[in-house]
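Dear colleague,

Please read them with the model open beside you.

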Amino acid sequence: MQYITWIPGDGIGPEVTGAACEIVRASGAAVQFERIEAGLTQGERTGTPLPAAVFESIARNKIVIKGPTATPFGGDFRVRIERKTEQGVIEARSHPSVAIALRKELGLFVNVRPVRNYPSVQSRYQGVDIVIFRENSEDLYTGMERMIDEGTAEAIKIISFRATERVAKFALDYLRRLKRKKLTVVHKANVMKMTDGLFLKTAQETARAYQDITLDQRVVDALCMELVMKPETFDGLLLPNLYGDIVSDLAAGLVGGLGVAPGANFGPDCAMFEAVHGSAPDIADKDIANPMAAILSAVMMLRYIGQPTSADRIEKALTQVLQEKRDITRDLGGEAGTRRMTQAIIAKLA
Ligand code: ATP
């Protein structure tokens with residue numbers, strides 16, 4: 001039996017991850033979920049958006065399924081984490097969001113986001129099948145930002161050889177396992193000569209050991225144009241944190257939107273599965289959110305923990321529901337709610 005930490009999160013998170021967990025259980029997978037609250041709502045209720053109990057559960061289980069956690073715009077929202085060192089000293093760190101705090105504290109250095117067409121899901125393009133690898137630990141997301149004076153703010157962008165080599169190796173190994181042939185490194189090295197220059201050079205050097213995979217490169221603005229013109233020509237994409245965040249949403253739009261884009265974060269010691277979309281407060285608690293991205297993230301999780309039979313069953317059931325079009329959510333062109341779509345998938349598992 002595999003125990004899994006389940007963080008429902010904010011907004012549509014409890015609805016869509018709740019659907020995913022229900023479907024995983026119904027698939028016969030040998031898993032048990034341990035539900036732990038974290039996020040903005042949890043912070044408002046208790047003063048602690050990311051309680052220590054979350055880390056205790058993850059330390060035990062190593063596998064996490066997570067709903068989106070919201071971050072307020074502007075203001076001074078920070079997530080403070082206190083840890084006792086081996087010497088018994090309390091060490092405090094603070095992060096700009098719950099998601100970043102989890103990724104940093106758990107060492108989840110890469111975010112993998114597969115983007116592909118699904119049967120009967122309407123999109124402008126066909127033949128899209130891209131795996132996005134987003135570096136998760138550095139770039140402009142380290143939270144090192146400050147006001148210099150009232151009219152000027154600065155943020156620090158960090159790119160290191162160590163983190164880039166680690167994520168490049170991960171991406172190349174991942175593609176090799178899938179027998180894929182091309183990785184495109186995305187950068188802005190013509191302007192960010194030191195930081196993105198180092199990212200590009202490190203990826204190129206790392207790829208020399210992988211004769212079976214061609215390393216390609218694109219400046220991020222040109223990539224965006226090419227992605228909307230001929231997305232079917234891309235295979236794997238490797239990006240620094242910020243470009244990875246932006247391009248993942250763009251790529252989700254190529255195949256039907258945020259409702260269909262799953263994701264996973266990996267570190268040396270644990271893995272966390274979460275959809276690309278955010279908390280979508282505009283549609284929360286209305287039973288209209290598409291649970292597909294969360295369900296597909298759970299499918300990635302089942303494959304990762306060595307339960308491919310359940311993963312295949314769920315994917316097959318989901319495909320049937322998509323093809324029948326009767327029980328699909330509004331963003332997919334249907335009229336069903338989150339719950340109806342979930343029950344329809346469960347009915348197909350039999
Ligand atoms: P956050 O601040 O947490 O990132 P957000 O609302 O800014 O949340 P997203 O949650 O990523 O950003 O969503 C943007 C929009 O896309 C939402 O307002 C919603 O209309 C749509 N959307 C996102 N996820 C889904 C989903 N699972 N099903 C249907 N529509 C979705």
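**Pockets and ligand site**

Helix H8 supplies 4 residues to the lining of the largest pocket, which is the largest share that comes from any element. Please keep in mind throughout that this is a predicted model.

The largest pocket holds about 1100 Å³ of space, and its lining is made up of 35 residues, among which Thr71, Ser97, Ile100, Tyr141 and Asp245 lie nearest the centre. Two elements, helix H4 (98-105) and helix H8 (241-254), each give two or more residues to this lining. When the lining of the largest pocket is sorted by residue class, 16 residues are nonpolar, 9 are polar and 10 are charged. As for its place in the fold, the largest pocket lies between domain 1 (1-109 + 259-350) and domain 2 (124-254), because both domains give residues to its lining.

The second largest pocket holds about 500 Å³ of space, and of the 19 residues that line it, Pro114, Tyr174, Leu178, Met300 and Arg303 are the closest to its centre. The elements that contribute two or more residues to this lining are strand E6 (110-116), strand E7 (129-135), helix H5 (161-177) and helix H9 (292-304), and the largest share, 5 residues, comes from H9. The lining of the second largest pocket has 13 nonpolar and 6 charged residues, with no polar ones. This pocket, too, lies between domain 1 (1-109 + 259-350) and domain 2 (124-254), since each of these domains gives residues to the lining of the second largest pocket.

Turning to the ligand, 13 residues surround it, and the closest of them are Gly278, Ser279, Ala280, Asp282 and Asn290. By class, this shell consists of 6 nonpolar, 5 polar and 2 charged residues. In the case of Asn290, a polar backbone atom is 2.9 Å from a nitrogen atom of the ligand. Taken alone, the ligand exposes 610 Å², and the protein buries 67% of that area.

With best regards

Technical notes:
Residues are numbered from 1 along each chain as its sequence is written. This is a predicted model: local features need pLDDT of at least 70, side-chain atom pairs count only at pLDDT 80 or more; totals for chains, interfaces and linings use all residues. Side-chain values use heavy atoms; hydrogens and water are left out. On a 1 Å grid over the protein atoms alone, a cavity is a set of points where a 1.4 Å probe fits but cannot get out, and a pocket is an open set with protein on both sides within 12 Å along at least five of seven lines; lining residues have an atom within 4 Å of a point. Grid points are joined across faces, edges and corners, and a volume is the space filled by probe spheres set on the points. Ala, Val, Leu, Ile, Met, Phe, Trp, Tyr, Cys and Pro count as nonpolar, Asp, Glu, Lys and Arg as charged, and the others, Gly among them, as polar. Domain bounds come from an automatic or database domain assignment. A residue is near a molecule or strand if one of its heavy atoms lies within 4 Å of it. A polar contact is a pair of N or O atoms within 3.5 Å; within protein, one must be able to donate a hydrogen and the other to accept it, and residues adjacent in sequence count only if both atoms are side-chain atoms. Accessible areas come from the Shrake-Rupley method with a 1.4 Å probe; for residues, only the protein chains shown count as cover.
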